[in-house]
Amino acid sequence: MSKKVLISLFILLCHIPLVQAEDFMSDVARANDFYTSNNYQQAADSYESLREKGLNSGYLYYNLGNTYIRLGKTGPAILNYIRAQKLIPRDENLQANLNFAIQQTRDKIAPSPPDTLATIFFWVTDLSLNENINFAFAINLTFWLILTAWFYFRTDFLRLARNVIFFLLLLAFTSIGVKLHYESNSKTGVVLAKTVSVKSGLDASNITLFELHEGALVNITDERQGWIEVQLDSKQKGWIPKDSLGI
Amino acid sequence: MGLSLPAFAEDIQVLATVDRNQITLEDSLQLSITIQGTQNTPPPELPSLPDFRVTSAGTSSSTQIINFKRSVSITHKYRLTPMNTGQFKIGLARIRANGKIYATQPITVVVKKTTAQNQPADKSVFIETNVSKKIAYVGEQLIYSFKLFHRIEAKNLDLSMPFGASHFQKEDLGKAKSYQNLINGIQYQVQEISIALFPIKAGKAEIPAAMLDLDIYHRTRSNRRGFFNDPFFGQGIRAEHKVLRSKPLSVEILALPEKGKPLDFKNIIGQFNIQANLGKKDLEVGDTTTLTITVSGKGNIRGVTFPEPNLKHQFKDYPDQPEFKQTVTANQIMGQKTFKFALVPLQSGAVTLPAFTLSYFNPEVRDYQQIKTQPIALSIHPSSAEETLNHVQSNSINNILTKPEIEILAKDILPIHTQLNDFQNISSKIGTSTLIGFVSPALLFVIAAIFIRQQKRLTTDVAFYRNQKAYKTASQKLKNLARSQNSESKEFVSELSEILREYIGDKLNMQGKAITAAEVEHKLKESNYQANAANNTRKLLEKCEALQYTPVSSGNNLELLNESHDLIKTLEKKS
C-alpha cells in the first residue's frame, strides 16, 4: 500500500515542470528566420504572437528586444530586455544588449542599484524565481530524505547533515520570499512614448515637473485612475499616463 | 563729558558716554552705554559708524543697595578707532527692555590729525614701513617690512598690514623678529615683520597704510608717598590704547622688456644657477640611472619647469615629482627646485645627454639671461643577460612606441538566441502543483516513519508481533488443512480447533492451546471485541470440541473450516 503511494507521489513530482515547448518550436524557428533575413517587422510580429499565445521565455523576450532595437524602437526593446532579465538574469548577451539600448536613449537611466536586502541576498537577483523554487525543491527533498534516514539509523553524521540541510532549507524559503517581494513590489517600467511629461498630480492640467523620453527606466510606486506614479533614483517623483509606460 | 538721556520709563534709564570727545587719529575712544534699572537686556543696537572701527571692550554690571533700595545697572563698552579726521556724530543706540525701546542721545566727536610734536624721535612708540625698491619689474621680488619701535611696554598688538592684492602676490617670510636699535641715542625695542611681494602687473602700485592697534603702559610717579612711605609703592602704571598708522607707499612697476626676450622664457625672474648630475654613467641596456637637474637661486623659483628631455628613443624616461625647498636668507626668498628623471637605456653605445636650459630675466642687470647644464656623456653596454632582456625590451619598446589601442569603430547589439530547446515556457507563478511538490516529501516522510516504527516494534514487542502475524499464520494453516485428505477425521476437527485457539492466543498474547471456549469468550470481550463475535467464537470452539468426542463424523467438517475462516476474518476486522 505504502509503496503505491510512494510511486504515485514520485510520478506527481516528476510531472510538475511539464512544459509545452514543442508546440512553440516551429513558430520560434520561423520568427528567428525572419530576423536573420532582416525582416524585422515580421520577426517582431511573430515573436509578439508567440508571447500572446502564452510562451513565457527569457530568450523570446531577448530576441524580441533585439528585433525592436533593429526597428529603432528603443522603449519596447528595453521593456523586453527587462522582462527577459527576470527569467534569464545571468545571460551576458542580454546584459550587454540592455546596456547598449540604454546608451541609445536620451535619458540614459541605468537600472536601480541593489538595495540593502538585495545586497544581503545577493544570489536571489542572480537567480530567476523558478531557479529559486527549483533550488528549494531540491533542498526540501534532500532534507526529508535525510530526516527519514536519520529516523532509521540515528547516527551523528546524519544528525549534522539534517541540521545543515534544514538551515539551507530555511535559506531557500527565505530566498523565495525575497524574490517574490521584489517581483511584486519593485516594479520597473519603461517609457514607451517619445516624450512624456511627468506631472505633479493625476491630471494633465497639473504642472510638469520634468520630462522623460523613450526608453527611460522608472520605478513604479503607485497606480490610480489610469495614471502611474513613477520615481527616479534621484527621488524625483511624479505621475504619467499609464498608456505611455510599458510594464 | 557724559551725556545722559531721561528714560521713557520711570524705572529704566539708559546713558551713553564717551571717555573723551576730541582725539587724534592715533587715539581711540571708549563708548559706554549704561542701562540702569535692569540687567536682563540684549546688547544695544549700535548706530552705523562708518568712520570708526568698532570693537567690543567688555561688559560690566553693578548692584547697589542704599537705604534698603536696590538699584542695578549694566554697562556695555565699545572701543571706537577713528579711520578719518573730522567731526563725527555717534548716532542713537537702541536698547530693548521690558518690551519697550529706549534710545541714547547722539554724541559729537572731533578727530584731528596727529599733532606735529609727535615726531618719531620724541615718541615712546612709533611704526615705520618700507619697501626694498621703489622701481621694480613685474615678477621681481620686493621685500615689504613693517617695524614697531617702542621704549615703553606695549601689549595687545593687532596689526593690519594690507599689501595691495590687486598689484602684488604675497609670500610670507616667517615670524616677526625682535631686536634693539639706537635712534638719536635712545634705545628702542624693535619688532619687525616682512613679507615678499611679487608685482603682477605694470604701472604705479600703492601699498596701503599699515595700521597697528596696541595698548601702551606709562609708568607714572605719584606725589603721595603712600603705603610704607616708600617711593616704590608711589609708582603707578597708566594704560593707553593707541592706533598707529604708517604712510602709504608707492612702487613703480615696469613691464619686462620685449627686446631680447627668449622664446623659452616662462616669467622666471631673479638670479639662478643650474646643475645636472647623473647617477651612473657606465651602465648596461635595461639598467636604471637617475638624472638630477637642480635649479637654485633668488626669485620665483617655484615656477621653474622643464619639459621631458628629448632622448630620441634612446632612453625610456620616468619623470619624478619635482621637489621644492624654500629658505629665507637676509629677507630674501631663496629656493632650490630639483627635477629627477629615471632613465632606462634602450640601445647600447656612447650617448651624450642634451643640455637643459633655463631662460630668466635678471632685474639686477635689467636683461634676459640663459643658463644651461653641461652635456653629460655616458656609455651603454649591451646587456649581459641579453636574451631575456631583449625579450622584455622588445615588448617594452613596442609598448612605448606603438601603444596599441583598439579603436572602437562602432557598437552593435549581440545576436539573437537560436537554441530552440531553450525556448521553454516557464510558469512564473506559484500554484497548487508547486505546493504539492513541497508537501509531498513531508507526506512520504510520515509514511516512511510509520513503516519504520512498525518494523522496529515487530522486532521488540512480542505481543505486537503475534497480533500482527496471527491472521497470516492462521490463514496459512487453514489452507493447509483444507488441502489434507482426511477432512472427515476427528484429527481434522482437533487441528481446526487448535488453529482457532492459537489464533486467539496470538491476538490476545496468551497460550492458546490451553484455553477453554468459555475463557475465549470472556477474554475477547475483555479485549473490546464485539459480544456477538466473541459469542460466535465460543460456539464454534464448542462445536469443534463436541465433534472431537462424537463417535461418528458429521460429514460437514469442510463447512466448519469455512466457518472458521469467516470467523477469523470477522475477528481480524474488528480487532
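Before you select anything, a ground rule: two residues count as in contact if their C-beta atoms, placed from the backbone, lie within 7 Å. Keep in mind, too, that this is a predicted model.

Start where the chains meet. Select the contact between chain A and chain B: chain A puts in 42 residues and chain B 29 residues. Colour chain B's side by class and you get 18 nonpolar residues, nine polar and two charged.

Next, go to chain A and pick residues 40-53, which is helix α3. Its 14 residues reach 20 Å from first C-alpha to last, close to the 20 Å expected at 1.5 Å a residue. Show side chains for Ala43(A), Ala44(A), Ser46(A), Tyr47(A) and Leu50(A), which are buried. Now look down the axis of α3(A): the buried residues fall within an arc of 165 degrees, so they line one face of the helix. What sits on the face turned away from the buried side of α3(A)? There you'll find the exposed residues Gln41(A), Ser49(A), Glu52(A) and Lys53(A). Step just past α3(A) to Gly54(A), where phi is positive, about 115 degrees.

Now hop over to chain B for an open, mixed sheet of three strands, ordered β3-β10-β7. Twist from one strand to the next averages 30 degrees. Select β3 (22-24) and β7 (86-90) of chain B: each is an edge strand with a single partner, so one side of each has no neighbour in the sheet.

Last stop: β10(B), residues 107-112, pairs antiparallel with β7(B) over five bridges. Click Ile90(B) and then Ile107(B) in β10(B), its bridge partner.

Definitions and conventions. Residues numbered from 1 in each chain as written. Chains lettered and ligands numbered in written order. Predicted model: local features only at pLDDT ≥ 70, side-chain atom pairs only at ≥ 80, totals over all residues. Nonpolar A, V, L, I, M, F, W, Y, C, P; charged D, E, K, R; others polar. Helix = DSSP H or I, 4+ residues; strand = E, 2+ residues; numbered from the N terminus. Expected span 1.5 Å × (residues − 1). Buried ≥ 20, exposed ≤ 12 C-beta atoms within 10 Å, placed from the backbone. Arc of directions from axis to C-beta. Pairing = 2+ DSSP bridges. Axes fitted to C-alpha atoms, helices over the stretch in contact; angles between N-to-C directions.
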